[in-house]
Amino acid sequence: MWFFWKKSSPYTLHDAVFSSSAQTKHLAVTLYDGVRNSDHCEFSIFEFKSDASAISEALIQNSVKAWKTIRHPSIPTFIEDYEYENNHYVVVERIKPLDEKSMSLEEVKLAAYTLVEFLEFLKDANCVHGA
């Protein structure tokens, strides 16, 4: 006699914090607050829903590969990635998206400076979009 159990997700997703408003034809991304089931540690989890095309799968794999290898203070620390129910998930340290409506002018300036500094880092590292 054979028994098959459905593989369960190692994380529990809570509230959606952010969802890509400009969803492409191939890929949609949603950011969730989440908890690891084994030890109840809190993380942020990106959910990638794709149309299972070769283009979207390659995009996800390249993104995960880059995320694992690039280290910079402006990039959330990569914890792990996994697939569950035909979606791909990337687990990172807990983050909070910027909300310019509730930020002071000094916080907006700091966010802009940090973004420019990060873009300069990518340029110096010869990172190419889609590579």
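The expected span of a helix is 1.5 Å times one less than its number of residues. Helices (H or I, at least four residues) and strands (E, at least two) are DSSP runs, numbered from the N terminus.

## Model and overall fold

This is a predicted model, in which local features need pLDDT of at least 70 and side-chain atom pairs count only at pLDDT 80 or more, while totals for chains, interfaces and linings use all residues. Residues are numbered from 1 along each chain as its sequence is written, and side-chain values use heavy atoms, with hydrogens and water left out.

The protein has two helices and five strands, arranged along the sequence as β-β-β-α-β-β-α. It has 131 residues, and 27% of them count as buried. Buried means under 20% relative accessible area, exposed over 50%, and partly exposed in between (1.4 Å probe, protein chains only). Among contacts (heavy atoms within 4.5 Å) between residues at least 6 apart in sequence, 46% join residues at least 24 apart.

Helix α1 covers residues 54-69, which is 16 residues. From its first C-alpha to its last α1 reaches 23 Å, close to the 22 Å expected at 1.5 Å a residue. The 20 residues of α2 should span 28 Å at 1.5 Å a residue, which agrees with the 29 Å between its end C-alpha atoms. Just after α2, N126 takes a positive phi of about 55°.

Which residues of α1 are buried? They are S56, I60, V64 and W67. Seen down the axis of α1, these buried residues fall within an arc of 70°, so they line one face of the helix; the arc is that of the directions from the helix axis to the C-beta atoms. Their cover includes β2 (27-36), β3 (42-50), β4 (78-84) and β5 (87-92). On the face of α1 turned away from the buried side are the exposed residues A54, I55, K65 and T69.

## The largest pocket

Rolling a probe the size of a water molecule over the atoms shows where empty space is left. Here the search runs on a 1 Å grid over the protein atoms alone, and a pocket is an open set of points where a 1.4 Å probe fits, with protein on both sides within 12 Å along at least five of seven lines. Lining residues have an atom within 4 Å of a point. A volume is the space filled by probe spheres set on the points, with grid points joined across faces, edges and corners.

The largest pocket holds about 1,700 Å³ of space. It is lined by 41 residues, of which W67, S74, I75, P76 and F118 lie nearest its centre. The elements that give two or more residues to this lining are β2, β3, α1 and α2 (105-124). The most comes from α1, with 10 residues. By class, the lining has 29 nonpolar, eight polar and four charged residues. For this count Ala, Val, Leu, Ile, Met, Phe, Trp, Tyr, Cys and Pro are nonpolar, Asp, Glu, Lys and Arg are charged, and the others, Gly among them, are polar.

S74 lies in the loop between α1 and β4 and, at 29% relative accessibility, counts as partly exposed. Leaving aside neighbours within four places in sequence, S74 is in contact with T114 and F118. S74 and F118 are 44 residues apart along the chain, yet their C-alpha atoms are separated by 6.4 Å.

## Loop residues with positive phi

Most residues other than glycine have a negative phi, and most peptide bonds are trans. H40 is not a glycine but has a positive phi of about 65°. It sits in the loop between β2 and β3 and counts as exposed, at 60% relative accessibility.

N86, in the loop between β4 and β5, also has a positive phi of about 65° although it is not a glycine. At 73% relative accessibility, N86 counts as exposed. N86 and D51 are 35 residues apart in sequence and 9.5 Å apart in space, C-alpha to C-alpha.

## A residue of strand β1

L13 lies in strand β1 (residues 11-19). At 29% relative accessibility, L13 counts as partly exposed. Not counting residues up to four places away in sequence, L13 touches Y32, D33, G34, I45 and Y89.
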